[in-house]
Amino acid sequence: MTTSGTFDFNLDLNDIVEEAYERCGVEVRTGYEHRTARRSLNLLTIEWASRGINLWTIEQGAISPVPGQIEYDLPVDTIDLLEHVIRTGTGQNQTDINITRISVSTYSTIPNKNTTGRPIQVWVDRQSGATTPTGVNHPKIYVWPAPDNSIPYTFYYWRLKRIADSGGGINTQDIPFRFLPCLIAGLAYYLSMKIPDAMNRMQMLKAEYEQQWMIASDEDREKAAIRLAPRDTFYNS
């Protein structure tokens with residue numbers, strides 16, 4: 001008996017919506033039902049951004065600091081920064097130096113924010129990314145000290161970005177295939193809160209969603225070894 005030899009199974013938005021409605025015990029019959037499911041799906045992936053680190057949404061970026069400038073925009077779809085360094089040099093001579101993240105309280109107490117030098121601290125200002133009459137509220141970083149002009153610096157960062165919107169009916173979703181069961185279970189639970197005939201299934205669908213989330217999130221984690229070393233402590237006698 002031979003296998004298919006293919007490994008590309010996926011579901012487009014129409015299939016996901018149909019499967020979720022079937023778990024609620026109803027069929028998709030109108031355009032409104034599809035539209036409300038798409039809205040719930042977008043809310044679901046926003047919830048995932050608040051649940052923890054989704055590894056497939058990590059993206060590297062870089063900013064070239066301008067001497068004397070302390071404020072820089074991040075991409076508008078940035079949720080948060082995970083890691084960041086200041087890089088000096090290039091090629092075999094490059095050096096990455098850790099830059100410490102500080103809170104707004106710590107940043108606000110720095111007496112002279114225009115002091116220049118190699119940046120050693122950064123405050124991440126997590127703005128909404130919303131468009132307002134005056135422009136876009138980009139997430140930002142504020143570095144201290146302000147970069148000097150002694151050598152070129154590059155601020156490298158690893159960010160969490162938003163999961164792409166659900167889109168139309170024929171596109172696939174911005175998730176790994178292994179999260180499909182969780183996505184469908186979550187959408188079915190969200191829909192059960194809006195479909196009167198499915199409310200008797202709500203608790204069951206919620207329990208299934210939480211179980212699928214636990215399975216998917218436990219798999220979607222760093223698997224590198226962690227090494228813990230004791231720290232010497234010295235006491236004055």
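These are my notebook entries on a predicted model.

**Entry: the main core**

I started with the nonpolar cores. The largest has 32 residues. Within this core, Trp48, Ile175, Phe179 and Leu191 touch the most other members. I then looked up which elements supply it. Helix H1 (13-23), helix H2 (31-51), H4 and helix H5 (202-219) each give two or more residues. H4 gives the most, with 10 residues.

Next I listed the contacts of tryptophan 48, leaving out residues up to four places away in sequence. Tryptophan 48 touches Asn54, Trp56, Ile163, Ile175, Phe179, Cys182, Leu183, Tyr209 and Trp213.

**Entry: helix H2**

I checked the length of H2. Its 21 residues should span 30 Å at 1.5 Å a residue. The end C-alpha atoms of H2 are 31 Å apart, which agrees.

Which residues of H2 are buried? I found His34, Thr36, Ala37, Ser40, Leu41, Leu44, Thr45 and Trp48. The cover over these buried residues includes H1, H4 and H5. Past the helix I noted glycine 52, which follows H2 and has a positive phi, near 155°.

**Entry: helix H5**

The buried residues of H5 are Met202, Leu205, Tyr209, Gln212, Trp213 and Ala216. Why do I say that they line one face of the helix? Seen down the axis of H5, they fall within an arc of 110°, so one face holds them. On the other side of H5, I found Gln203 and Met214 exposed. I then asked what the buried residues of H5 pack against. The partners are H1, H2 and H4.

I moved to the loop between strand S12 (153-161) and helix H4 (180-192), where proline 176 is found. Proline 176 is buried, at a relative accessible area of 13%. Burial is called under 20%, so 13% qualifies. I looked for a sequence-distant position and took asparagine 10. Proline 176 and asparagine 10 are 166 residues apart in sequence. In space, their C-alpha atoms are 9.4 Å apart.

Glutamine 173 is in the loop between S12 and H4 as well. Is glutamine 173 buried or exposed? Glutamine 173 is buried, with a relative accessible area of 11%. A polar atom of its side chain lies 3.2 Å from the backbone oxygen of serine 166. I also listed the contacts of glutamine 173, again without residues up to four places away in sequence. They are Leu13, Ile16, Leu41, Ser166 and Leu183. Leu41 is one of the buried residues of H2.

**Entry: salt bridges**

Side chains of opposite charge can pair when their charged atoms come close. How many salt bridges does the structure hold? I count 14 salt bridges.

Aspartate 80 pairs with arginine 101, and the closest N and O atoms are 3.0 Å apart. The pair links distant parts of the chain, 21 residues apart. Aspartate 80 is in strand S3 (residues 78-88), and arginine 101 is in strand S5 (residues 100-102). Aspartate 80 is buried at 16% relative accessibility, whereas arginine 101 is partly exposed at 34%.

Aspartate 96 pairs with arginine 87, with the closest N and O atoms 2.6 Å apart. Aspartate 96 is partly exposed at 38%. Arginine 87 is buried at 16%.

Arginine 178 meets aspartate 220 in a salt bridge of 2.8 Å, N to O. This pair also links distant parts of the chain, 42 residues apart. Arginine 178 is in the loop between S12 and H4, and aspartate 220 is in the segment after H5. Arginine 178 is partly exposed at 34%, whereas aspartate 220 is buried at 6%.

Notes: Residues are numbered from 1 along each chain as its sequence is written. This is a predicted model: local features need pLDDT of at least 70, side-chain atom pairs count only at pLDDT 80 or more; totals for chains, interfaces and linings use all residues. Side-chain values use heavy atoms; hydrogens and water are left out. Helices (H or I, at least four residues) and strands (E, at least two) are DSSP runs, numbered from the N terminus. Buried means under 20% relative accessible area, exposed over 50%, partly exposed in between (1.4 Å probe, protein chains only). A nonpolar core is a set of buried Ala, Val, Leu, Ile, Met, Phe, Trp, Tyr and Cys residues joined through side-chain atoms within 4.5 Å. Contact means heavy atoms within 4.5 Å. A salt bridge is a side-chain nitrogen of Lys or Arg within 4 Å of a carboxyl oxygen of Asp or Glu. The arc is that of the directions from the helix axis to the C-beta atoms. A polar contact is a pair of N or O atoms within 3.5 Å; within protein, one must be able to donate a hydrogen and the other to accept it, and residues adjacent in sequence count only if both atoms are side-chain atoms. The expected span of a helix is 1.5 Å times one less than its number of residues.
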